[in-house]
Amino acid sequence: MLDFAIFAVTFVIILVGAVLYLYPSSRRASGIPGLYPTDEKDGNLQDIINRGSLHEFLVSLHQEFGSVASFWFGGRPVVSLGSVNQLRQHINPNHTTDSFETMLKSLLGYQSGMGGGSNESVIRKKLYETAINNTLKNNFPLILKVADELVGKWKSFPEAQHIPLCAHLLGLALKTVTQLALGERFKDDAEVISFRKNHDAIWSEIGKGYMDGSLEKSSSRKGHYENALSEMESLLRSVAKERKAQRKQGVFVDALHQSSLTDQQIMEDCMVFTLAGCVITANLCIWALHFLSTSEEVQDKLYQELEEVLGSDPVTLDKIPQLRYCQQVLNETVRTAKLTPVAARLQEVEGKVDEHVIPKETLVIYALGVVLQDAETWSVPYRFDPDRFKEEPARKSFCLLGFSGNQTCPELRFAYTAATVLLSTLVRRLKLHQLTGQVAEVRSELVSTPKEETWITVSSRS
């Protein structure tokens, strides 16, 4: 049997594992069209691997079987929903945990917060979200400073110089998230570089090594991953202990100290926020600037809004809700890039979609990458068009998918704020230009990233 770790590349697999562990007698979701298992023990695991990603597998599945389809993990069926209409019908009250947080904690081997009752989960989720929100309020000037430093650097470049978006914007995300999560220690570039080394080693294996099973087959790679994880955990514990002893206030870890969380739980929440916060923020910014570089018209409309709302002043938290077109640009970035292409929920009560009954304890996948480019929901779905979000139906569909409103994951809300600051600083000073002939292809993993480094050039607006 293929190693279970192969399937851990996406959080759907992690939640499947939770189902197998917590609900060994889960019932079959009978009568739903879909694939027969290609292997008695592994179900359709090899089909997923052959497609290259879970997203690509789901695209093929829904093309063949329609918007409600099933496949097999081992001897158990999984139901996937691939249209807005079906997602709208799906009634499932399991919103006490965040899917992305659950995925990361499972991959990292963390158990706290997963076995408690629903009340404990709600409290833990609320604490985590409040800590992030308060951190943004307390440290907003720092986000402005980091963005201004990057834009100033770009402005100093010759106009013909090629700028690597992935490298620069992951750096921006790391500098922002580490300081907001862990404090002023990470003003030191050497500390950020050391943090990035371990961050990259951990995230790379989560997105790659588990997919092909190669991590388990390579003792050197597995040792490198485990050492990086151990070093990261030691760092987070050390920072948390140091700030607690000094009774410092203002950043994410300090807010967690005000609660009844254990030292282990605090370390875990810091790990999740720094890992997920960096990757989601970086890739939202990368894709936003890439798409802006392809459209002078969109850049000009965004520039006009920024001038009208902000004038020559820097953006503030209070002003961000007034930047409606900027919000549309970021929404369309998430949609076009399929930023997080899959979500999953455990069916806590029996549900029904169309004529299909979904039994209790079934794993239900939201094929978001499929839905985000469904022609029945989005006109010309592969075109980058922020104006589509002027319409109420588009905004409602986006909210239903969990990309806006109360169900948005806190890391994505954080990323929206950081990206808004970057755009408000950058677009008022520079124009973005796409390199001739460059095509940015999407790698749809846990978070969609460019398959290769993406480059732009810039020129001054003055």
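Mentor: Let us start with Glu 149, which counts as partly exposed because its relative accessibility is 36%; here buried means under 20% relative accessible area, exposed over 50%, and partly exposed in between, with a 1.4 Å probe and protein chains only. This is a predicted model, in which local features need pLDDT of at least 70 and side-chain atom pairs pLDDT 80 or more, while totals for chains, interfaces and linings use all residues. Residues are numbered from 1 along each chain as its sequence is written, and side-chain values use heavy atoms, with hydrogens and water left out.

In general, side chains of opposite charge can pair when their charged atoms come close. A salt bridge is counted when a side-chain nitrogen of Lys or Arg lies within 4 Å of a carboxyl oxygen of Asp or Glu, and the structure holds 19 of them. In one of these, the side chain of Glu 149 meets that of Lys 175, at 3.6 Å from N to O. Glu 149 belongs to helix H6 (residues 118-155) and Lys 175 to helix H7 (residues 165-182), so the pair ties together parts that are 26 residues apart in sequence. Helices (H or I, at least four residues) and strands (E, at least two) are DSSP runs, numbered from the N terminus. Lys 175 is partly exposed, with a relative accessibility of 25%.

Glu 205 and Arg 221 form another salt bridge, at 2.8 Å from N to O. Glu 205 lies in helix H8 (residues 189-212) and Arg 221 in helix H10, so this pair joins parts that are 16 residues apart in sequence. Glu 205 is buried, with a relative accessible area of 7%, whereas Arg 221 is partly exposed at 26%.

Helix H10 (residues 219-245) deserves a moment of its own. The expected span of a helix is 1.5 Å times one less than its number of residues. For the 27 residues of H10 this gives 39 Å, and the end C-alpha atoms are 39 Å apart, which agrees. Among the buried residues of H10 are Tyr 225, Leu 229, Glu 233 and Arg 243. Arg 243 also takes part in a network of salt bridges that links it with Glu 184, Lys 248 and Asp 254. After H10 comes Arg 247, whose phi is positive, near 55°.

A further salt bridge joins the side chains of Glu 332 and Arg 388, at 2.9 Å from N to O. This pair links distant parts of the chain, 56 residues apart: Glu 332 is in helix H14, and Arg 388 is in the loop between helix H15 (368-371) and helix H16 (392-400). Glu 332 and Arg 388 are both buried. From its first C-alpha to its last, H14 (residues 324-337) reaches 20 Å, close to the 20 Å expected.

Glu 411 lies in helix H17 (residues 410-426). Glu 411 is buried yet has no salt bridge, and the nearest side chain of opposite charge, that of Arg 413, is 8.0 Å away. In this count, Lys and Arg are positive and Asp and Glu negative, while His and the chain ends are not counted. The side chain of Glu 411 does make a polar contact of 2.6 Å with that of Tyr 128. A polar contact is a pair of N or O atoms within 3.5 Å; within protein, one must be able to donate a hydrogen and the other to accept it, and residues adjacent in sequence count only if both atoms are side-chain atoms.
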